[in-house]
Amino acid sequence: MCQHHDNPSFVLKGIDDVVYEERPIPEVTGDEVLVNVKRTGICGSDVHYLVEGRIGDFVVKAPMVLGHESSGIVTKVGPKVKHLKVGDRVALEPGATCRACDLCKAGRYELCEDIIFAATPPYDGTLARYYRLPGDLAYPLPENVTFEDGAMIEPLSVGIHSVSTLGGLKAGQSIVIFGCGPVGLLCMAVAKALGARRIIAVDIVPSRLEFAKEYAATHTYLPVKPIEGETKIEYSRRNAAALKEQLGVAERGPNAIDLVIDASGAEVSIQTGIYVAKAGGTFVQVGMGNPNVTIDIGAVITKELVYKGSFRYGPGSYPMAIGLVASGKIDLKPLVTHRFKFEDALTAFKATKAGKSEDGKTLIKAIIAGPGEEP
Ligand SMILES: [Zn+2]
Ligand SMILES: [Zn+2]
């Protein structure tokens, strides 16, 4: 095989149409580094592009390499790179920003209009042997942080951005998290690491609640069943009252909920969360479902609820994520339920979409090994 083209890549060509392609190995210049990818996690967005070819306004129009949750080994450094050397183990932050716009300069680079984000059209992702990125987005991994942990730093950073940066959760506060998928679970892990008093997990699947309780939640809540003929908002009001009653949650004072995170995207979760948050509390929306939902704006006003959207992660998310894992405050290992060879990437996507593998085992996070690597 020609040295300049030994870069097998998992490429999305169209809806449900993926192929392996040899792509050229990217050249590095200036402050860039080339990373030999060792592990890549699959997330809902990757599956969305495969199944629907789009997420909202992001439409796949040309072949695109999938994957954005990765770790690997630095194999080349540009002449301006000072903090990394060939052989360093790193986690990859997959969004390169312009650094010059008002939002980049204001420390909200996740909102940069010119962000080049891996596996968001039209930009190629990390499911390849090599990935090139600005050196400062390759974060060295301490020795006790594995490549698998390194791949999980990306979704953990989403949890940190939601719970810590935007949610502002402090030690001793209480949080409710709707949705016990990977992002919801990682939000719980962050809340636990930050010293939250109560971490209430909400999900409609009892087995997911059991997992959440074992992993990081202090309490769980299984939503009540809808009654025929009631509207969604009527249901949500009743559901919030039941949650409060069952868990002794108050509207204000020490038993109130300081922070609500919706990691489900479900309309009734968003509605319920608004009723559950304390007066003066904060609500962070990180889950994405049907974008058009009905909410009780009266409750938002009378509680002076702060409602924030959470998009990916920003300054400080990666270092904090790596620090919490390295110090043992967050254990990512229980979340990695499935491992695949690079050649079996499509099987990993199918299992992620189904939420389980063919043997019926529940899937939380699937990790794909780099080309030629054993999972
Ligand atoms: Zn992701
Ligand atoms: Zn910018």
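## Two helices that cross

A crossing counts as right-handed if the near helix is turned clockwise from the far one by less than a right angle, and as left-handed if the turn is anticlockwise. By that rule, helix α6 passes α7 in a right-handed crossing. Bear in mind that what you're looking at is a predicted model.

Helix α6 covers residues 232-247 and helix α7 covers residues 267-276; they pack with their axes 8 Å apart and an angle of about 50° between them. Since angles between 35 and 65 degrees fall in the oblique class, α6 is oblique to α7.

So who does the touching? On the α6 side, the contact is made by Lys-232, Ile-233, Tyr-235, Ser-236, Arg-237, Asn-239, Ala-240, Leu-243 and Lys-244. From α7 come Glu-267, Val-268, Gln-271, Thr-272, Tyr-275 and Val-276. Sorted by class, the residues of this contact are seven nonpolar, four polar and four charged.

Domain 1 is made of two stretches, 5-140 and 332-369, while domain 2 runs over 158-309. Going by C-alpha atoms, the centres of the two domains sit 30 Å apart.

How many residues of each domain are in contact with the other? Five from domain 1 meet four from domain 2. On the domain 1 side, the residues that touch domain 2 come out as three nonpolar, one polar and one charged.

## A parallel sheet

Strands of a sheet pair through backbone hydrogen bonds, in either a parallel or an antiparallel sense. Here six strands form an open sheet with parallel pairing, and the order reads β15-β14-β13-β16-β17-β18. At the edges you'll find β15 (219-221) and β18 (306-309), each of which pairs on one side only. From one strand to the next, the twist averages 20°.

Have a look at the β18 end. Strand β17, residues 277-285, pairs with β18 in the parallel sense over four bridges. Opposite Gln-285 you'll see Gly-309 in β18.

## The hairpin at β1 and β2

Now for some antiparallel pairing. Strand β1 (residues 8-14) runs antiparallel to strand β2 (residues 17-22), and six bridges link the pair. Leu-12 faces Val-18 of β2. The two strands make a hairpin with two residues between them, and Asp-16 in the turn has a positive phi of about 55°.

Strand β1 has another partner, too: strand β6 (residues 64-65), again in the antiparallel sense, over two bridges. Val-11 has Val-65 in β6 as its bridge partner.

Note on methods: Residues numbered from 1 in each chain as written. Chains lettered and ligands numbered in written order. Predicted model: local features only at pLDDT ≥ 70, side-chain atom pairs only at ≥ 80, totals over all residues. Domains from an automatic or database assignment. Contact = placed C-beta atoms within 7 Å. Nonpolar A, V, L, I, M, F, W, Y, C, P; charged D, E, K, R; others polar. Pairing = 2+ DSSP bridges. Axes fitted to C-alpha atoms, helices over the stretch in contact; angles between N-to-C directions. Parallel < 35°, antiparallel > 145°, perpendicular 65-115°, else oblique.
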